[in-house]
Amino acid sequence: MYELNAKIRDLEPYEPIAGDYKIRLDANESFLRLPESIQAGALHATFRVELNRYPDPAAVSLCRAFAKNYGVPIENVVAGNGSDELISVIFQSFLMKGDTYATIMPDFSMYNFYGYISECRRVVIEKDKNWRIDVDKVLETCNNEGVKLLIFSNPCNPTSLGLTRAEVRRLVCSTSALVVLDEAYMDFWEESMLGEFQNYDNLLILKTCSKAFGLAALRVGFAVGSEKLIRAIKAVKSPYNVNAISQCMAEVVLNSRGECDAAIRRLLLSRDELQRGLDRLAARFPEQMETLPSVTNFVVLKTPRAGELFRYLLDASIAVRYFENMSALRITAGATGDNAAVFGYITRFF
Ligand code: PMP
């Protein structure tokens, strides 16, 4: 009988929260559908796609639209099948089996997963009790443990908190490790390192179209870094990693900067509404709950009764994300009615 090896024997396929919930605030997606005119334009553009041909392996038009949008040279950009794929390729590219990488926990779970699959040694740096990153502690660990790759999200999923540019700069300057800075949520904040990545040869920045741009279904992400790093990723990734329909549609959306900016403003208004509402509840039930000041499109609610509240919301057909290890719920900003429903149920719960 064929036996699976020890590495994969106990792994389970990824499953989002199963069930048909009326309100889904569990995956940090944008709650906004694309404006009809943009979606129509993007679909119309796909008529040009020759479905009998493989897609452009370098996704040049898509990368050009991204590069123009963020003011970076196209030579420094590579596209991925979501930034998730790029995380996997980065582990395969820059680490050898047994090499040491570091994560700063709590953080996005996929870093540890891909590190595990790559058979690398993991060093975990804990955040402080308020889930803030202590830059000195990170640097000390990287230097003492021979860390080859440090990966973290900024702003952070799941804490919703961020490091300033000055702090990130200090980190990148003071380590020889490759720093992979996942800026999946940086379109909601203003501390991006994209404007200065060229000053560092050990910095890779990840971006995604899944959050602020509302294109989670298309699976499009990017990495930005020195030409040397980007060429290495291009050499390791599978040749046709981003399908032609996604390349074409995401390009149209990235070229619609006015509409994208308007969508981001609406998402930020919703985030502020969610934050204010939850802050008000936290002021009413100070013994029961606490909120964190978000710089993302989601808000974190810390409560000793997080598990119970999670299940209570599921029963009300509202899906949010429960982090047992943090005793917290992560709630994605939604439409005004959805945010109001969350406030109503949480009020009744306490
Ligand atoms: N990084 C972070 C921090 C994320 O939260 C996510 C999505 N949850 C990703 C990367 C993956 O995004 P993508 O859809 O581009 O694969």
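Predicted model: local features only at pLDDT ≥ 70, side-chain atom pairs only at ≥ 80, totals over all residues.
Biologist: What makes Leu62, Cys63, Ala65 and Phe66 the buried residues of helix 2?

Modeller: A residue counts as buried if 20 or more other C-beta atoms lie within 10 Å of its own, and in helix 2, which spans residues 60–70, the buried residues are Leu62, Cys63, Ala65 and Phe66.

Biologist: Why are they said to lie on the same side of helix 2?

Modeller: They cover an arc of only 155° around the axis, and therefore they share one side of helix 2. In general, residues three or four places apart point the same way, because an α-helix has 3.6 residues a turn.

Biologist: What do the buried residues of helix 2 pack against?

Modeller: Their partners are strand 2 (77–80), strand 8 (221–224) and helix 8 (244–254), while helix 2 itself is followed by Gly71, whose phi is positive, near 65°.

Biologist: Why are strand 2 and strand 4 called edge strands?

Modeller: The open sheet has 7 strands in the order 2-8-7-6-5-3-4, with mixed pairing. Strand 2 and strand 4 (121–126) are its edge strands, as each pairs on one side only.

Biologist: How do you know that strand 3 and strand 5 pair?

Modeller: Two strands pair if DSSP finds at least two bridges between them, and 3 bridges join strand 3 (residues 100–105) to strand 5 (residues 149–153), so these strands, which run parallel, meet the condition.

Notes
Residues numbered from 1 in each chain as written. Buried ≥ 20, exposed ≤ 12 C-beta atoms within 10 Å, placed from the backbone. Helix = DSSP H or I, 4+ residues; strand = E, 2+ residues; numbered from the N terminus. Arc of directions from axis to C-beta. Contact = placed C-beta atoms within 7 Å.
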